[in-house]
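Have the structure open and follow along.

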Amino acid sequence: MVTVHNRGYFWKDGALLDEEAGLARGLRPETGRRASMAYGILEAHNTSGDMSALKLRFDAMASHDITYVGIIQTARASGLTEFPLPYVLTNCHNSLCAVGGTINEDDHVFGLSAAQKYGGEFVPAHQAVIHSYMRERYAAPGRMILGSDSHTRYGAYGCMAIGEGGPELARQLLKKTYDIAYPRVIAVYLTGAPRPGVGPQDVAIALVGATFPSGAVKNAVLEFFGPGVDSLSMDYRSGIDVMTTETACLSSLWAADGRTRAHLEALGRGGQFQALQPGDGAYYDALVEINLSNIEPMIALPFHPSNAFTIREFQANLDDLLHQVDVRTAEQLGISNAPSLREKVQNGQFHVDQGVIAGCSGGIYQNLKRAAEILKGQSVGDGAFWLSCYPGSMPINLELAKNGYLADLMAAGASIRSCFCGPCFGAGDVPANGAFSIRHSTRNFPNREGSKPGERQISYVALMDARSIAATARMGGVLTAADQLAEIPADRPDEAWAYDDSPYRARVYRGVGQPQPETELVYGPNIADWPEQIALPEDLYLTVAAAIYDPVTTTDELIPSGETSSYRSNPMRLSEFALSRKDPQYVPRAKEVLALERRRREDPEDPAVRAALDGHDGRVTGLGSAVMAIRPGDGSAREQAASCQRVLGGCANLCEDFATKRYRSNVVNWGMLPFTVADIAQYHIQPGDKIYVPGIRAALEGGAETVEAILVQGGRETALPLKLERLSREEREIILSGCLINYYAR
């Protein structure tokens with residue numbers, strides 16, 4: 001279905017040539033790179049004059065209501081006077097008062113006042129999912145968009161979009177640049193056409209399963225083209241594209257063709273179309289081939305989108321694959337004797353408890369239309385199984401209503417919800433303990449669905465396409481692939497829908513370029529400023545406050561989603577949840593070190609401080625905590641995965657490698673040292689271990705890339721070589737200053 005070639009390829013005369021064959025024909029990578037679609041867009045947005053070291057300015061930005069307060073607060077502290085580019089503030093995450101009280105709506109009121117004061121666009125709650133709105137209103141060929149959400153992907157429109165942590169958006173608000181080395185560009189060559197019953201999520205799961213485990217496309221730009229593109233509607237392309245985040249790539253980009261033009265015309269933005277295709281002789285650092293005709297209905301089992309199998313394979317190997325889930329549950333969540341999914345097998349059939357079609361990946365018009373067609377005249381049954389559907393935007397909702405598809409879904413027993421991202425991150429439709437949910441959404445990480453394993457709650461999520469979810473609903477919860485039905489509605493490449501933006505015209509505040517400086521920001525009682533952070537001391541004596549040996553640590557584990565999202569406007573209050581579902585003792589350990597560091601600043605000779613320093617000079621040696629993990633930061637762009645550590649006195653992360661660039665950026669922007677250690681597991685680092693890093697300030701100032709530290713374990717000292725890889729001069733200055741806010745203030 002999906003084949004990965006980890007070597008260079010040229011695109012020449014409408015065919016792919018491997019690097020050796022291309023070189024034999026006189027082609028060269030250095031010139032071929034300039035013929036890719038990505039190169040032209042990056043060059044147009046680069047301000048450095050050096051394509052090897054990009055300094056990018058974006059055409060527009062977008063944030064939702066669990067990120068925009070912190071971003072605006074950061075920018076305000078650094079001198080923000082107005083939004084210098086279109087900045088869209090959506091309200092699709094904290095749309096419900098999940099924790100009670102006024103704090104969610106207080107953030108929304110703040111957001112509207114900020115859009116008025118600084119000249120932005122404000123999309124009220126329940127109007128649109130952030131990415132649906134940006135596709136409909138802003139994405140176009142040749143553009144670049146930055147969003148404070150990891151699924152900022154509008155490549156299907158020929159638009160290169162990147163999801164990053166909040167500080168990177170604050171930099172754009174301050175007229176700074178997004179600085180990266182020129183990325184690898186990887187061709188994704190599509191052939192064939194999807195069979196009836198196979199949807200975009202099936203293609204996406206197959207792609208993620210083939211690329212994520214090996215890191216084949218990590219931090220690269222995926223460039224989609226080939227004859228298979230013409231077989232896909234714009235909705236279908238977007239459904240694949242949004243899931244490229246789960247491959248760990250940097251961004252994505254698709255060829256822009258006549259179908260792109262027609263869709264933009266339907267959106268009222270036909271003038272923004274420009275054709276986009278790879279140039280003759282284009283060079284790619286690797287190649288991913290997808291034969292769409294061979295893709296089958298897929299399922300991604302707990303606890304990662306890359307845990308991918310065909311539904312046919314899953315049904316044929318139920319006991320073995322469900323046993324693997326039991327093992328992962330015990331290993332990743334630390335819960336033994338959790339409810340086993342093997343108990344859901346009855347007479348050889350697997351029974352599901354819940355289905356959800358939602359968000360930027362599932363709530364697309366074509367997905368919900370297919371689900372309605374499959375369920376028309378049927379029933380989801382009156383048993384334990386239930387189905388929820390969340391259209392991605394009010395224009396989608398309106399068109400589904402006009403054409404009767406919402407009525408068909410409701411008549412079948414499905415629940416129709418508002419335009420809300422909640423099920424994607426645990427703030428809506430949380431399953432019962434031991435329940436199994438199938439979802440056309442973006443992720444199925446541990447506790448991403450809202451359960452609390454620390455309180456011995458555990459439920460399970462598998463990712464599937466809306467078509468197979470509807471087929472399962474039609475069978476009353478018996479897991480069924482859509483292509484196992486007798487009659488399967490097909491997806492046509494020319495399938496489109498009539499766009500009516502009257503809900504937006506009625507409710508959206510459109511103030512881009514029209515700041516009203518006299519407007520006062522409206523602060524609710526939960527909105528707090530970032531606490532002060534100090535500059536990096538001369539030496540550091542770190543206490544390991546958490547040590548995680550999972551192969552990958554997600555941002556959901558570093559700072560849980562769900563109800564904690566309501567506290568993201570209050571840094572200190574939110575920090576109480578840091579690692580709460582992975583290591584509940586992390587916060588008290590970090591707080592203990594922070595209290596001693598505060599005492600050190602007041603009196604370096606304090607007896608408790610001297611005891612904590614183990615003989616090191618308190619006048620130049622700071623105390624801080626550190627998190628050790630093998631590969632941290634997979635998943636969300638949320639800056640709070642790092643900022644919560646910093647608020648609690650965190651000074652460093654130690655790892656073999658960072659799972660994503662965006663998490664590493666968050667670590668740096670919050671003034672923490674991004675240490676990497678070769679084969680870190682060999683040191684058997686545990687909470688309570690100490691790490692002495694002498695001369696760390698001088699090392700950063702001098703451009704050192706390796707620091708010799710000492711690991712102290714139970715009185716035994718071991719040399720610990722720490723690497724400071726790929727740190728730019730500005731990144732070093734940010735860490736030296738204590739955080740990005742301090743850097744700009746300085």
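Two residues are in contact here when they have heavy atoms within 4.5 Å of each other. Keep in mind that this is a predicted model.

**Asn-94 and its neighbours**

- Leaving aside residues up to four places away in sequence, Asn-94 touches Asp-65, Ile-66, Asn-104, Asp-107, His-108, Ser-565 and Ser-566.
- You'll find Asn-94 in the loop that runs between strand E6 (87–90) and helix H5 (103–118).
- Is Asn-94 buried or exposed? Its relative accessibility is 4%, and since buried means under 20%, Asn-94 counts as buried.
- Gly-197 sits 103 residues from Asn-94 along the chain, and the C-alpha atoms of the two are separated by 34 Å.

**Helices H4 and H5**

- Helix H4 (residues 68–77) packs with H5 at an angle of about 45 degrees, and their axes are 10 Å apart. That angle makes H4 oblique to H5.
- The H4 and H5 crossing is left-handed.
- Which residues do the touching? From H4 come Tyr-68, Val-69, Ile-72, Gln-73 and Arg-76, and they meet Asp-107, His-108, Phe-110, Gly-111, Ala-114 and Tyr-118 from H5.
- Sorted by type, the residues of this H4 and H5 contact come out as six nonpolar, three polar and two charged.
- Two of the H5 residues in that contact, Asp-107 and His-108, also turn up among the residues touched by Asn-94.

**Positive phi values**

- As background, most residues other than glycine have a negative phi.
- Lys-175 isn't a glycine, yet its phi is positive, at about 65 degrees. Look for Lys-175 in the loop between helix H7 (166–173) and strand E10 (178–181).
- Lys-175 is exposed, with a relative accessible area of 56%.
- Asp-614 is another non-glycine residue with a positive phi, near 50 degrees. Its place is the loop between helix H23 (607–613) and strand E28 (621–629).
- How accessible is Asp-614? Its relative accessibility is 45%, so Asp-614 counts as partly exposed.

**A cis peptide bond**

- Most peptide bonds are trans.
- The bond joining Pro-302 and Phe-303 is cis, with omega about 10 degrees.
- Phe-303 lies in the loop between strand E16 (298–300) and strand E17 (308–310).

Definitions and conventions:
Residues numbered from 1 in each chain as written. Predicted model: local features only at pLDDT ≥ 70, side-chain atom pairs only at ≥ 80, totals over all residues. Heavy atoms only, no water. Helix = DSSP H or I, 4+ residues; strand = E, 2+ residues; numbered from the N terminus. Buried < 20%, exposed > 50% of the residue type's maximum accessible area, 1.4 Å probe, protein only. Axes fitted to C-alpha atoms, helices over the stretch in contact; angles between N-to-C directions. Parallel < 35°, antiparallel > 145°, perpendicular 65-115°, else oblique. Left-handed = near helix turned anticlockwise from the far one by under 90°. Nonpolar A, V, L, I, M, F, W, Y, C, P; charged D, E, K, R; others polar.
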